[in-house]
Amino acid sequence: MIESVLIANRGEIACRIISTLRRMGIRSIAVYHFADRRAPHVKLADVAVELKAEVPSDAYLDMQQLIDAASRLGAAAIHPGYGFLAENAIFARTVTDTGLIFIGPSAEVIEIMGDKIRATEFATGAGIPVAPRVIDDDIATLADEVEGIGYPVLIKAAAGGGGKGMKIVHNRDQLREQIAIAQSEAERYFLDRRVYVERFIQRPRHIEVQILGDGNGNAIHLFERECSVQRRFQKIVEESPAPDLDPSVRDEICKAAVTLSAAANYRNAGTVEFILAPDNSFYFLEMNTRLQVEHPVTEAVTGLDLVEEQLHIASSGTLRLTQSAITQSGHAIECRICAERPDEDFLPATGSVRLLRLPEGDDVRIDNGVHEGQEIGASFDSMLAKLIAHGPDRRRAIERCIGALREYVLLGVAVNIDYLTRILRHPAFQSGRYDTGFLADHANELIATPLDRSDVDAVLVAAALATDSFGHAAYAVPDLHAAIGHWRN
Amino acid sequence: MPRLRSNLNTNSDEFRENYTHNRALAMALHEKQERARVQRPDRDIQRLAKQGKMMPRERIEKLLDPATPFLELSSLAANMAYDGNSPGASCITGIGIVSGREVMLHADDSSVKGGAWYPLTVKKIVRCLDIAIENRLPVVHLCDSAGGFLPLQSELFPDKHMAGRIFRNQAILSRLGVKQLSLVFGHCTAGGAYIPALSDYAVIVRGTGAVFLAGPPLVKAATGEDVSVDELGGADLHTQISGTCDYPASSEDQAIAIGREIVAQWEHPKKWAIQQQTSEPPAYEPDEIYGIIPSNIKKQFDMREIIARITDGSRFHEYQPAYGTTLVCGFADLWGYKIGIVANNGVLFNDSALKGAHFIELCNQNNTPLVFLQNITGYMVGREYEAQGITKDGAKMIMAQACSHVPKFTIMCHGSFGAGNYGMCGRAYDARLLFTWPNHQIGVMGGEQAAQTLAEVKLRQLQRNEQAVDQQVIDGVYAETLEAYQEQVTAEYSTSEIWDDGILDPVDTRNALGIAISASLNAPLTESGYGVFRF
Amino acid sequence: MSIKLSTMGQSYELEIRARRPSLVCAIDSREVTIAEAHALSDECNFITVDGQHFQVWRVLDGDTVWVHIGGRVFTVDVSNDMAQSNLNDESGNEIRSDMPGMVVEIHTSEGATVAPGDAILTIESMKMQIIVHAPRAGKIDRIHFQTNTAFEKGAVLVSLESSTDKN
């Protein structure tokens, strides 16, 4: 059994991993940059090590310092969380070469799945449907080949992820220019200018499957997640099970995910992402070889702890669960709490967390990574926390989610909490029939409604009374003079 | 405590007549106040506006806590002097609330002759600082004055209670630990310069505020030095170099904001814990006071009717209700404060004087503030009463009253003639505050009596000199005396000369007393003690 | 005394009109009656405005108040008389020394543009090194002393270009 784990991450995911480690009696080692010295993950961990870097985010990307810290403190394993080095094959290999356990798949699998072109080739080889695509470095022949799959098309970066560098092209005239832009963006984000063109599936849904693999060709799935509520190709609301999904389609998708994982000798928890077309055809999108941000919805409906399963697989090389033992119960919804301004084109917001009061409740889970007093700058991802609500059915999960969002108090930096509420309240979301175009299609209906005069009054009064001068003037007057009021003789 | 039962018939002709008469007096008072407060030549208003200055009352309103009372003092001071050139004696004084603390405000009125100090201006400022000393009230000075009005310098400079007394009082206040803040909006020249200098805190507005012993013209004359106002005594000079002022402000608004914040730092006073309960309004309408006060000065009225319209729930615990009935004494609550009331219901006889002296002692023994309601024509005169010792009994009342250690407050309700004024805590007896109603008359004796007396003296003089008695001369003396008297006995004259702390609309009496009592509790009680009573 | 607030692109003026029996405020001259009760903590209150109840979380951040009402968050900017302008005359063009000393280091150069708070000089006085900062944004007109030269108390160390010159 692994006795201590270094968490090569920060924020909510570091906290979430530490909490499972604590429960399992495993020593947790946190790392942090000076800017994060008061962060919750530093306080929660048994030990915390400072990593030096000029730029805070660089600290969490510094393989050498991480491995040195792990060795120095006697960590048996490194958990990369998500982001940072989680899908970095070189890191995985270096960790393993040092004699430590990397809680993730083998470096080879990371390499394959990290390259979209190779990944889709692998999927095709495993008999998984893939959207019609063109891969051609020669722009002239590429344009002709694209005619074969038909417009509109999507340009994607081979090394891409998180929606960065993706472009929709509607006709041949735009293609050349858009490819050039996509290549330069890919170069900038991923240091890899390769792009490819794929048929753009109209009104697609984003369905993904949580899998567990032992690395020896055995894999099981933990059902699907619906992740179609996206802005800028990034998810902000996820749920499980996927609403309004034909059970036979669900089975097929889940089976495809297991087939792919088994074929890849996948080890660790992973996610296979699919595009589901309105005609129920589905296509492999990509595989994420790590714990996913939205994994808690799966945990909520299956009752499992995915980090615990990761640790079990990493230490034993076996799965301790069988497919038949896994069941879905009720419905879960996750909302990503982000420092951003939804009404200003999701512009990232900065500030400092002045007041933080998290909602509480049996069916509500908050994976939080920020603390009161924390400066929210542009150094890190804008996601601050996740709120997951579980209910016996979808309607009640939505209600609980809305209730918890209403009680979620985070002041000092603009967050999207109210926007999330508007999403959950929207009829299209409530009907369960929506696709990745949901936020854009309903943008006008998702704008904040103007306040009633009485609400404005309350806001103004509350604000005025909070100030020194007005609050003092309102209350700190002797009784007699307060009773007489404005009086002149 | 029992509720007083009013015997007032509000449907009577008499009530209606009195009401109309007194209400008209009150309205006339408010009109005069309005004129004294805001009526200014256009050029003065424009001059202030051009300098970026607010009117002095605007400053006060911004300085005071919103929705709190301001008890203005002597609003009609100097109104019958200097041909009306110094409305309100060119300054504003009063008790108000700044940042939750009771303070005395003194503001120069630069909308009148540049805020120049007339003799009565000095008297009003000295009085307001005397009140601050007696009641330990912090003072905020809003300075903007051209300095002393030179043509009248002999009446405002040399004597004990003239200009020097302002700065003496400031020093005494400071010695007592009472805080002072100056907001320098305009010039503080010559003596006026000592106001910020003697304050604990001074804020000065850049550009318009200036403090100097002599302004540029005088400096030029004295030493030949050519220097601008700003170089000589501006905000930057005093806050960066001389240290005469503490805070520079870039505008009047900012100066006021800084001032409010300074006051907000001051410790809350440990007020003397007077007996207090939840207050209730009087059971009878205060405006009925208009219908009680007779339009004729010679007419008597029951002071209990007034008490019923001032005290909490119109309740009154009357002391010795059957003895010495021309003096009404008793306990009541006013805005929740326990007070002792001494009120005239006729001429003072031996028994009423003794009762008064005794009740005043009771209030001192009980640490109960005293409120005197004056309507007095004097102590009873004549052989019989002298034989009974009316003079020594009156002296007892004066002794008890003068030596009281509890705060005293006096309302001049109708008439105040002769020695009764003394026993009932007239101006000379250090009432913490003394207010006059518009109908009030005051004098050593009534106008007719005085005229009669002087005519009598003239007649005797003529007779002594064995001159022919010319009835015309006698009548002349009578008419002359009466005329002079008729002006000088009025409340308006009284308040113009600052023989009081202001004229009050009778309906404002309860609030004024409440604010006054509250202010008085800032000062610790002094030791009690009396002189020798003549028995 | 009143307070000027702005939120959601609108400006408002609030004024206290009465405190008894209830607090009455005027919002742009329209009166509202207010009752406030503290609950849970300093930051959480129950506020009743004209009979309607609100649970309010709020926090003051400089001159901005963050208000959480009914699941929504609003920022309200408070105009502050104290901050209307700096207490020191920022329009001055000269930076003087509060004490005699010597210039140790010059961090910028004549003609350079500085932002408020930028280091201009390091001076040494009484064995202490002190950094002279730019009091306002502007362009450096002159640095009056070279490194290792001494100056007297009150000497002009740096002149900034007059702020009224720039257009």
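**Notebook: strands, domains and contacts**

I began in chain A, where A:Asn368 has A:Ala385 as its bridge partner in strand E22. The model is a predicted one, and I kept that in mind for every entry below.

**Entry 1: strand E22 of chain A**

I looked up which strand A:Asn368 sits beside, and took down the pairing of E20(A), residues 364–368, with E22(A). The two strands run antiparallel and are joined by five bridges.

I then checked strand E15 of chain A, residues 331–338, which is also paired with E22(A). This pairing is antiparallel too, and I noted eight bridges for it. Within E22(A), A:Ile388 is the residue that stands opposite A:Glu334.

Is E22(A) largely enclosed or largely open? I found that eight of its nine residues, in the run 383–391, are buried, so the rest of the structure largely encloses this strand. For that step I used the cut-off for burial, which is 20 or more other C-beta atoms within 10 Å of the residue's own.

**Entry 2: chain A as a whole**

I went on to the overall figures for chain A. I listed 19 helices and 24 strands.

Along the principal axes, the C-alpha atoms of chain A fill a box of roughly 95 × 55 × 45 Å. I recorded 52% of the 489 residues as buried. I also looked at contacts in chain A between residues at least 6 apart in sequence, and 64% of these join residues at least 24 apart.

**Entry 3: domains of chain B**

Domain 1 is made of 11–40, 272–444 and 490–529, while domain 2 covers 52–265 and domain 3 covers 447–488. The C-alpha centres of domains 1 and 2 of chain B are 33 Å apart.

**Entry 4: chain B against chain C**

I next looked up where chain B touches chain C. Chain B puts 15 residues into this contact and chain C puts in 12. On the chain B side, strand E8 (247–249) and helix H11 (252–265) each supply at least two residues. H11(B) gives the most, with five. By class, the chain B side has six nonpolar, three polar and six charged residues.

**Entry 5: a sheet in chain C**

My last entry is an open sheet of four strands in chain C, in the order E13-E12-E10-E15, with antiparallel pairing. Which strands stand at its edges? They are E13 (128–133) and E15 (150–151) of chain C; each has a single partner strand, so one side of each has no neighbour in the sheet.

I followed E15(C) to its partner, E10(C), residues 101–106, and found two bridges between these antiparallel strands. C:Gly101 has C:Phe151 in E15(C) as its bridge partner.

Key
Residues are numbered from 1 along each chain as its sequence is written. Chains are lettered from A and ligands numbered from 1 in the order in which they are written. This is a predicted model: local features need pLDDT of at least 70, side-chain atom pairs count only at pLDDT 80 or more; totals for chains, interfaces and linings use all residues. A residue is buried if 20 or more other C-beta atoms lie within 10 Å of its own, exposed if 12 or fewer, and partly exposed in between; C-beta atoms are placed from the backbone. Two strands pair if DSSP finds at least two bridges between them. Domain bounds come from an automatic or database domain assignment. Two residues are in contact if their C-beta atoms, placed from the backbone, lie within 7 Å. Ala, Val, Leu, Ile, Met, Phe, Trp, Tyr, Cys and Pro count as nonpolar, Asp, Glu, Lys and Arg as charged, and the others, Gly among them, as polar.
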